[in-house]
Amino acid sequence: MSLLPLEKAALGAICALGLLVLATDIPSRRAPHAPAAPPPTPMALATAAAEARAAAGREEAARATVAGREEEARLAAVQNPPETAEALPPGHGREEVFARCTACHSTAIIRRSGLQPAAWDELMDWMTEKHGMPPLEGPDRALVVDYLARSFPPRRAPRGGANPFLN
Ligand code: HEC
């Protein structure tokens, strides 16, 4: 089949138009998809998660430090200064008593007591059995009990008579 020159021209124009449409249209349709970033790799995801955790950890640590300092200051304000052996009356064995007996309580609980030597001796066993004091035996025990018995004997009642309820 043979085409007339006019038909050839028209066909050519249609083709050219079609190409033009394709050439301009395709990029415009692709444009919205083009800038999308490639999907993150598992490594990148893991790194980002680790960074987020580290940042959260730093924030938490900063908060804890502030809270800790406030708590320390509060405790310092309400606590008595630490005791020294001078809280006990002078005498042979004072240092030993202070070292052994103030791990769990202050000297106040000792100073307010007044006992016969045998009762102080018994108290050593009671501290060990009931409260977990390391057993005190031999010369150390004698030293401690002697000091306690000398320094904290049974108290006399205010009017001079022996107090039957104290011992
Ligand atoms: C392992 C801890 C511990 C050690 C060490 C310890 N005590 Fe105690 N002691 C206690 C506890 C706990 C109590 C309180 C008992 C109670 O509340 O009934 C106590 C109570 C006492 C009391 C009061 C008893 C009473 O009549 O209520 C005296 C006195 C005493 N201790 C003396 C001593 C002496 C002296 C020493 C050293 C030789 C000593 N403690 C070492 C734990 C200890």
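Leaving aside neighbours within four places in sequence, which residues is Leu-143 in contact with?

1. Leu-143 is in contact with Gly-93 and Glu-96, once neighbours within four places in sequence are left aside. The model is predicted. Leu-143 is found in helix 6.

2. Between Ala-142 and Gly-93 the C-alpha distance is 9.5 Å, across 49 residues of sequence.

3. Val-144 touches Gly-93, Glu-96, Val-97, Arg-100 and Leu-136, not counting residues up to four places away in sequence. Gly-93 and Glu-96 are also the contacts listed for Leu-143. Val-144 is one of the buried residues of helix 6.

4. Helix 6 covers residues 138–151. The helix has 14 residues and reaches 20 Å from its first C-alpha to its last, close to the 20 Å expected at 1.5 Å a residue. Its buried residues are Val-144, Val-145, Tyr-147 and Leu-148. They sit on the same side of helix 6, because they cover an arc of only 160 degrees around the axis. The face turned away from that buried side carries the exposed residues Gly-138 and Pro-139.

5. What do the buried residues of helix 6 pack against? Their partners are helix 3 and helix 5. The largest nonpolar core has nine residues: Leu-88, Val-97, Cys-101, Trp-120, Met-124, Val-144, Val-145, Tyr-147 and Leu-148. Helix 3, helix 5 and helix 6 are the elements that give two or more residues to this core. Helix 6 gives the most, with four residues.

6. Helix 5 covers residues 117–131. The helix has 15 residues and reaches 20 Å from its first C-alpha to its last, close to the 21 Å expected at 1.5 Å a residue. Gly-132 follows helix 5, and its phi is positive, near 80 degrees.

7. Now the ligand. How many residues surround the ligand? The shell has 16 residues, and the closest are Cys-101, Cys-104, Ser-113, His-131 and Met-133. Of these, Cys-101 is also listed in the largest nonpolar core. By class, the shell holds eleven nonpolar, four polar and one charged residues.

8. Which helices supply at least two residues of that shell? They are helix 3 (94–101), helix 4 (108–111), helix 5 (117–131) and helix 6 (138–151). The largest share, four residues, comes from helix 5.

9. For the chain as a whole, there are six helices and zero strands. Along the sequence the pattern reads α-α-α-α-α-α. Of the 167 residues, 5% count as buried. Among contacts in the chain with a separation of 6 or more, 62% join residues 24 or more positions apart.

Definitions and conventions. Residues numbered from 1 in each chain as written. Predicted model: local features only at pLDDT ≥ 70, side-chain atom pairs only at ≥ 80, totals over all residues. Near = placed C-beta within 6 Å. Nonpolar A, V, L, I, M, F, W, Y, C, P; charged D, E, K, R; others polar. Core = buried A, V, L, I, M, F, W, Y, C linked by C-beta atoms within 7 Å. Buried ≥ 20, exposed ≤ 12 C-beta atoms within 10 Å, placed from the backbone. Contact = placed C-beta atoms within 7 Å. Expected span 1.5 Å × (residues − 1). Arc of directions from axis to C-beta.
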